[in-house]
Amino acid sequence: MSIPKKYSLETDVVFVGHDDQFNSSVPPLYQTATFKQESLSNMGEYDYTRSGNPTRTTVQQHLAKVMRAKSVFAVTSGMSAMDTISRLLSPGDEVIAGDDLYGGTHRLLVYLQKMSQIKVSHYDTTDTDLVKSKISSKTKMIFLESPTNPLIKCVDVREITRHAHEVNPECIVVFDNTMMSPILMNPLELGVDIHYESATKYLNGHHDIMAGVIAVNNQDLAAKIYFIINSTGCGLSPFDSWLLVRGLKTLALRVERQQENAIKIAHWLESKGLKVRYPGLKSHPQYELHKSIARGPGAVLSFETGSVETSEKIVDGCDLFGVTVSFGCVNSLISLPCKMSHASIDEKTRSERALPEDLIRLCIGIENCDDLIGDLEHSLRVAGAI
Ligand SMILES: Cc1ncc(COP(=O)(O)O)c(C=O)c1O
Ligand SMILES: N[C@@H](CCSC[C@H](N)C(=O)O)C(=O)O
């Protein structure tokens, strides 16, 4: 019997395992809602796509390899992944969450607090001692993101998770790894219980599908998550599963180029005297911490100009950078989080959490870096920022 070889992630993302009767090079697309049973007494592996579909199984098994997880579930969006996870909670449960989570995550937590009597407390998760002091035997779930979107704050996920499990072994630590993707970070290996991502971003990489993924190692949790997905019907469609497999094959290559461009752009912006937030810069307050938990700084950065008007001019003045929400796409994007991706957080909360209204977020793509810097330089000059 041959022993399965261990390959690097760059190799694993390219090789998609699947069984096909004709040995097709690309996994087949089972675009079907139903499956015929062999007989009344023999249902077969699949009956109905909400419960399971071979194309979804292919992407889930492929992701399990890439996310270094025992079980992975593919659902209709990142928010759907978060919704599925939050259904593990019961009324009255206590939850700790970061104070700079993605706007949509914040919106769902506010809804759960109002409608399901879940008690949610938000803290600055860069303050490890503060978060640790708030974890008690009643803490049922902890939501973390690192680097956070859009303030790019890094979290000592290993230490917070270790402490949470020591205080309450039942506490479920949930980590949103959308910013890093499994190419740069493997949160389950850092101890978290649930790793989820918006696959709309890096995993797919082309902004042509919405998807979310949930990865776990604990089989009891996996069974509960499958039950929720089958019951609510949020499993990823066959066609989107097929497109996700296709996008995943270039994940390592895309992230490598995006990150290489982002590092150059971050240094260039900093050299112009701007306050840049990026964990690849030595000036980042958690530069060393980030290096200890991830294999690279990623390709999302943000910077301030000191004036909302100037920031608006810069965003509108770019040609190559699309004025678009989201990130992880092969194209470079520019946005004003307070007016776009994080507008669902009310102005008062944004101010309490020190989210600058003039903050510009850049999501770097795979274009020629000199062209990107040229586009930014032109826009910054016209806006009077440099
Ligand atoms: C960090 C992060 N998590 C989750 C989500 C939600 O993902 P989706 O848009 O796929 O629902 C987003 C963006 O939307 C995000 O930026
Ligand atoms: N209108 C949308 C905004 C989506 S933001 C997408 C992405 N996470 C980002 O950070 O850019 C909404 O209300 O959810």
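Domain bounds here come from an automatic or database domain assignment. The model is a predicted one, in which local features need pLDDT of at least 70 and side-chain atom pairs count only at pLDDT 80 or more, while totals for chains, interfaces and linings use all residues. Residues are numbered from 1 along each chain as its sequence is written, and chains are lettered from A and ligands numbered from 1 in the order in which they are written.

The assignment divides the chain into domain 1 (9-248) and domain 2 (251-382). Their centres, taken over C-alpha atoms, are 25 Å apart. Each side brings 33 residues to the contact, where two residues are in contact if their C-beta atoms, placed from the backbone, lie within 7 Å. On the domain 1 side, two or more residues each come from α1 (9-12), α4, α6 (157-167) and α7 (181-184); helices are DSSP runs of H or I with at least four residues, strands are runs of E with at least two, and both are numbered from the N terminus. The largest share of that side, 4 residues, is from α4.

The largest nonpolar core has 102 residues, and A74, I142, V174, V213, I214 and L244 touch the most other members. Such a core is a set of buried Ala, Val, Leu, Ile, Met, Phe, Trp, Tyr and Cys residues joined through C-beta atoms within 7 Å. Helix α10 (residues 251-271) supplies the largest share, 8 residues. Because domain 1 and domain 2 both give residues to this core, it lies between them. Setting aside residues up to four places away in sequence, I142 touches I96, I160, A164, C171, V173 and V174.

K201 lies in the loop between β6 (194-198) and β7 (212-216). An unreviewed UniProt entry places "modified residue: N6-(pyridoxal phosphate)lysine" at K201; UniProt annotations may be inferred rather than shown by experiment. K201 is buried, with 21 other C-beta atoms within 10 Å; the cut-offs are 20 or more for buried, 12 or fewer for exposed, and partly exposed in between, with C-beta atoms placed from the backbone. Beyond four places in sequence, K201 touches T178, S326, F327 and G328.

S90, in the loop between α3 and β2 (94-98), counts as exposed because it has 10 C-beta neighbours inside 10 Å.
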